[in-house]
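User: I am new to this structure and would like to learn how to read it. Please take me through some features one at a time.

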Amino acid sequence: MTTLSGSCLCGQVSYQIEGQTTAFYHCHCVRCRKVTGTGHASLIRIKTDSIEWLQGESLINSYKVPEAVRFKNDFCSQCGASLPRHFPNLGMVVLPAGTLDHEPDIKPEARIFCDSRAHWSCSDDITGYAAYPE
């Protein structure tokens, strides 16, 4: 059993989840790229029946893609940050890894929907900086 906790960007929404982690993926599908505005979403799947909102639950908004079976975006109405998405009918939570307030004990195991990957995403041949470049 794993316990993970995190919060949104403004800190007004926080959560704790207990359950069994089943996957940690970098997802390159078009929906994940659109919802994050980046090349991929880093997502942890957790088998659990619930999520405990420690504060700010009333600030959570949700958008469900009408034609999607398993895709929705839950986010803080104050700062817009993505939040964990609970799927009670599937007994799981999909947790955006960037919302964690600590480093998890697990690492990403795979990239999924690679055929949808943007050609500019996740290139290892670009220069890296510890902070903003001079």
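User: Which side chain makes a polar contact with the side chain of H40?

Analyst: A polar contact is a pair of N or O atoms within 3.5 Å; within protein, one must be able to donate a hydrogen and the other to accept it, and residues adjacent in sequence count only if both atoms are side-chain atoms. Here the partner of H40 is the side chain of H26, at 3.2 Å. This is a predicted model: local features need pLDDT of at least 70, side-chain atom pairs count only at pLDDT 80 or more, and totals for chains, interfaces and linings use all residues. Residues are numbered from 1 along each chain as its sequence is written, and side-chain values use heavy atoms, with hydrogens and water left out.

User: Where is H40 found?

Analyst: Helices (H or I, at least four residues) and strands (E, at least two) are DSSP runs, numbered from the N terminus. H40 sits in the loop between α1 (30-36) and β3 (41-47). Contact means heavy atoms within 4.5 Å. Beyond four places in sequence, H40 has contacts that include H26, C27, R111 and C122.

User: Is T21 buried or exposed?

Analyst: Buried means under 20% relative accessible area, exposed over 50%, partly exposed in between (1.4 Å probe, protein chains only). T21 has 19% relative accessibility, so T21 counts as buried. T21 belongs to strand β2 (residues 14-27). Among its contacts beyond four places in sequence are T2, L4, I44 and I106.

User: In what order do the strands of the open sheet run?

Analyst: Two strands pair if DSSP finds at least two bridges between them. The order of the 3 strands is β5-β6-β7, with antiparallel pairing. β5 (60-64) and β7 (82-83) stand at the edges with a single partner strand each, so one side of each lacks a neighbour in the sheet. β5 pairs with β6 (residues 72-76) over 5 bridges.

User: How many residues line the largest pocket?

Analyst: On a 1 Å grid over the protein atoms alone, a pocket is an open set of points where a 1.4 Å probe fits, with protein on both sides within 12 Å along at least five of seven lines; lining residues have an atom within 4 Å of a point. The largest pocket has 18 lining residues, and C27, R70, F71, I112 and F113 lie nearest its centre. By class, this lining has 13 nonpolar, no polar and 5 charged residues.

Note on methods. Nonpolar A, V, L, I, M, F, W, Y, C, P; charged D, E, K, R; others polar.
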